[in-house]
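Have the 3D view open as you read.

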Amino acid sequence: MNDLRTELKKSIIEQLNLEELSVEEIDNDESLFGDGLGLDSIDALELIVLLEKDYGIKLTDPDQGKEIFVSINKMATYIETHRTK
Amino acid sequence: MGMNKDHYFISSYVHIRKSQIYKNGKLLYKSEANTTVSSFLKESYKELPINYPKFHKMDDLCKMGILSSSILLMDEDYSDDTGLVLSNASSSYNTDLKHQQTIQAMVSPAVFVYTLPNIVLGEISIKFGLKSENAFFIENEFNARLLYDYTSVLIDNNKAESVVCGWIEVKNDEYDVFLCLVTKKGAIPFSIENLKKLYLFENE
């Protein structure tokens with residue numbers, strides 16, 4: 001279970017070019033947007049692409065992103081129940 | 001056209017060429033082992049006091065713009081009314097190519113947003129809190145007259161108090177950058193001749 005969270009952190013750091021962050025520095029409950037990691041709207045689109053590419057999850061309603069991309073824990077829970085690959 | 005000859009001044013200037021960064025003609029940083037533009041940019045960022053994590057998310061052209069403007073404006077007097085007049089020959093070539101490659105598989109929004117050369121103007125404005133006019137021109141080669149005319153018009157008409165103008169060319173692993181800060185005070189008169197002369201400055 002924790003492997004998925006570590007894998008997610010690695011992909012987020014790589015895909016979003018968060019060069020100055022390491023896996024250990026991202027808390028599972030830390031908010032991804034706003035005060036936490038400080039991701040922006042382009043990063044949100046990039047996360048949608050990541051879900052589709054790595055886990056076969058296609059978000060049809062962009063508003064869903066707001067509920068899923070809250071934290072690593074929330075993302076992982078969503079992926080565990082919806083992944084097709 | 002405002003043709004106030006020698007009315008304004010070049011108060012500082014920057015060159016980035018062949019793994020070397022010069023400010024006002026003096027060598028500031030030289031990268032020894034770097035062959036690619038991305039490794040040069042990464043090394044330079046680490047070595048110089050830039051401290052702007054968003055830098056890593058940018059494409060090569062914007063990184064080059066942030067690097068060169070940070071050095072140009074370091075210790076200089078400028079306000080948020082500083083205009084930007086930049087130019088190059090290859091537009092956003094490296095990113096256009098990268099985008100073309102990604103469309104074969106899955107498009108990356110983070111790559112796509114940099115497929116325009118004028119994005120570098122926005123990135124510089126955000127970093128330095130600039131709220132003035134800006135323009136980006138695509139020219140075959142460094143065009144001193146164009147930069148001189150456009151910059152002079154902006155200051156003449158009170159559209160900007162000072163202007164950062166110059167050339168930021170990045171294509172594959174080749175790059176050539178020359179920026180100058182044009183203000184109402186300084187030692188070098190702002191003229192077409194001086195722009196040409198400073199641009200052609202040969203690094204050792």
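A salt bridge here is a side-chain nitrogen of Lys or Arg within 4 Å of a carboxyl oxygen of Asp or Glu. Keep that in mind as you look at this model, which is a predicted one. By that criterion, chain B and chain A share two salt bridges. Side chains of opposite charge can pair when their charged atoms come close.

Take the two bridges in turn. In one, D43(A) pairs with K57(B), and their closest N and O atoms are 2.6 Å apart. D43(A) sits in helix α2 of chain A while K57(B) belongs to the loop between α1 and α2 of chain B, so this pair joins two chains. In the other, K42(B) meets E19(A), with 3.3 Å between the closest N and O atoms. On the chain B side, α1 (37-47) and α4 (109-112) each bring at least two residues to the face that touches chain A. That face is made up of seven nonpolar, two polar and two charged residues. If you count salt bridges over all chains, the structure holds ten.

Now zoom out to the interface as a whole. How many residues of chain B are in contact with chain A? There are eleven, and they touch 13 residues of chain A. The size of an interface is often given as the accessible area lost when the parts come together. For chain B and chain A the buried area comes to about 1100 Å², with carbon and sulfur atoms giving 59% of it. Three residues stand out: H56(B), K57(B) and M106(B) account for 53% of what chain B buries against chain A, more than any other three residues.

Next, the empty space. Rolling a probe the size of a water molecule over the atoms shows where empty space is left. The largest pocket holds about 570 Å³. It is lined by 27 residues, and the closest to its centre are Q15(A), N17(A), M58(B), K98(B) and V111(B). Both chains give two or more residues per element to this lining, through α1 (2-15) and α2 (41-55) of chain A and α1, α2, α3 and α4 of chain B. Which element gives the largest share? That is α3(B), with four residues. By class, the pocket lining has nine nonpolar, eight polar and ten charged residues.

Searching the whole structure turns up one cavity of 30 Å³ or more, and the volume of the largest cavity is about 30 Å³. Its lining consists of D59(B), D60(B), L61(B), S91(B), S92(B), Y93(B), N94(B), T95(B) and V170(B). Helices α2 (60-73) and α3 (93-103) of chain B each supply at least two of the lining residues, and α3(B) gives the most, with three. Sorted by class, the cavity lining has three nonpolar, four polar and two charged residues.

Notes: Residues numbered from 1 in each chain as written. Chains lettered and ligands numbered in written order. Predicted model: local features only at pLDDT ≥ 70, side-chain atom pairs only at ≥ 80, totals over all residues. Heavy atoms only, no water. Contact = heavy atoms within 4.5 Å. Buried area = accessible area lost by both parts, 1.4 Å probe. Nonpolar A, V, L, I, M, F, W, Y, C, P; charged D, E, K, R; others polar. 1 Å grid on protein atoms, 1.4 Å probe; cavity = no way out; pocket = protein on both sides within 12 Å on 5 of 7 lines; lining within 4 Å. Points joined across faces, edges and corners; volume = space filled by probe spheres on them.
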